[in-house]
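The exercises below concern a ligand site and the pockets of a protein. Each task is followed by a solution in steps.

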Amino acid sequence: MDAMLKAAGTAGMVAEETLDPVDWADVQALSHRIVDDAVDYLRDVRERPVWKDMPAEVREFFAAPLPRSPQPLAQVYGEVTDKVMVYPMGNIHPRFWSWYMGSSNFTGALGDFLAAIQGSNLGGGNHAAALMDSQVVDWCKQMMGFPQSASGTLVSGGSMANIIGLTVARNTKAGIDVREHGVAAIEKPLRFYGSDQLHSCHRKAMEALGLGNNALRRIPTDAGLRIDIEALRAAITEDRAAGFKPACIIGNAGTVNTGAIDNLQALAKLAHEEDVWFHVDGCIGALIAVAPENAHRVAGIEWADSVALDPHKWLHAPFEVGCALVRDASAHRKTFAVTPEYLESTPRGLASGHWLHDYGLQTSRGFRALKVWMALKEHGIEKFGRLIDQNIAQGHYLGTLIEAEPLLELVAPPSINIVCFRYRGDGLTGERQKALNTEIMLRLQEDGIAALSDTTVHGQHCLRVAINNHRTRRDDLDLLVRETVRLGQEILKSGAAR
Ligand SMILES: Cc1ncc(COP(=O)(O)O)c(C=O)c1O
């Protein structure tokens, strides 16, 4: 066999091309430099500004046309270091708290590199990467308290994970074969329910599912931004009487605005009584289930029919990786499986493995599992649980700092690791207060001090700090409060917010 392979390697007389380097030793030396630079980059992240804007020359660089002729790899790498690495989004920095990002980790980055080196396609097949993909899904089931018989799939992120769960919900509750006949054939219009704090990806999901945004009924929330269960019950009864078919309740395990966690046990019970699907959007908070001090907050998640969770958030996997879990594996498979003639299984060999593309919309799938697997093996899930507890404790710590500072006020009670607050600016009207706080946020970003974002909670504009970051320390939060106060005073003095 070896001789045959050798002969194949020397037989060609035609000068055929490949993307492989002419000199592997050169590439090896450059690669060592890249790894050394990467380690320095991550080690020294705290010393750099969180974010800085790009000069015109960098923007112009990215308008260059399609390259037609070759350039040495070392030069290409030089462009990456000068034009890309210097201007990151900043979410690996200890004082990045905008929107809701994970802060990545070096082991995960090595996993992404090795996944690309091995190059496997996780559409399925009989190979080790496919077994690892299924193993990571099994581990996610264990984290959520789902039974071993459940199914799941790794996807690009939370938005896709929610779409997977909601598609299975639609198909299971439609009362017809939606795959064959389409949504137009559904007898009674389906209704989905979630709180007025649902993430915008659910709207996109409803649109993509052909049900339309109006099929998603937003239920009011209480003072803690949790869904009002009685209002939900009344809405379901009202819809049923009006000829709709209530199909799915979406519970929030951590809303994007404030981190509020719906009463998942009550929602599971209501879904059972009403015979509707229970999906949990756990992109932010599902992983709290592994955090010893806070797991009680997401009790009931294990009763869901489907859960969306996001390892690229609180497991800090490098982007992208989300996970959808479905309790009824056959409903999951029935929603997506299709076997074209060119993807039939064989009794042995490469095509004898599980077809992982039968659990989602993608056919080709990246080897996302490796970065999660390596970091979980290196640290163990207990450490990730402690880091989640740490971020939640930091959220509460920041809440107490704000309460103690007369110039600032909380706009919502901190539930987990998201803190919504604002500079009071006494005497300022709503719009002027918003302008002041927006200016504070922009200066914090532009000065490279900290990255926060803003939102509006129950009609009140506020700054929003989401501490999903394993590098954040309490002194970073002390600094944030000090700098917010300083900038607020400075802006008010100069009249810049008016
Ligand atoms: C509650 C919630 N759901 C869904 C999403 C979408 O997740 P992704 O950005 O991974 O697609 C987010 C993102 O922050 C979120 O906070």
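**Exercise 1: the ligand shell**

Sorted by class, the shell around the ligand consists of five nonpolar, seven polar and three charged residues; here Ala, Val, Leu, Ile, Met, Phe, Trp, Tyr, Cys and Pro are nonpolar, Asp, Glu, Lys and Arg are charged, and the others, Gly among them, are polar. This is a predicted model, in which local features need pLDDT of at least 70, side-chain atom pairs count only at pLDDT 80 or more, and totals for chains, interfaces and linings use all residues. Residues are numbered from 1 along each chain as its sequence is written, and side-chain values use heavy atoms, with hydrogens and water left out.

Task: State which residues come nearest to the ligand and which helices supply the shell.

Step 1. Of the 15 residues around the ligand, the nearest are Gly158, Ser159, Asp281, Asp310 and His312.

Step 2. Helices are DSSP runs (H or I, at least four residues), numbered from the N terminus. Helix H7 (158-173) and helix H12 (311-314) each contribute at least two shell residues. H7 gives the most, with three residues.

**Exercise 2: the pockets**

Task: Which pocket does the ligand take up, and what lines the largest pocket?

Step 1. A pocket is an open set of points on a 1 Å grid over the protein atoms alone, where a 1.4 Å probe fits, with protein on both sides within 12 Å along at least five of seven lines; lining residues have an atom within 4 Å of a point.

Step 2. The ligand takes the space of the second largest pocket, on the criterion that more than half of its atoms lie within 2 Å of the grid points.

Step 3. The largest pocket is lined by 45 residues, with Ile34, Ala38, Tyr41, Met85 and Ala109 nearest its centre. Helix H2 (24-43) is among the helices that each supply at least two lining residues, and H2 gives the most, with 10 residues.

Definitions and conventions
Near = heavy atom within 4 Å.
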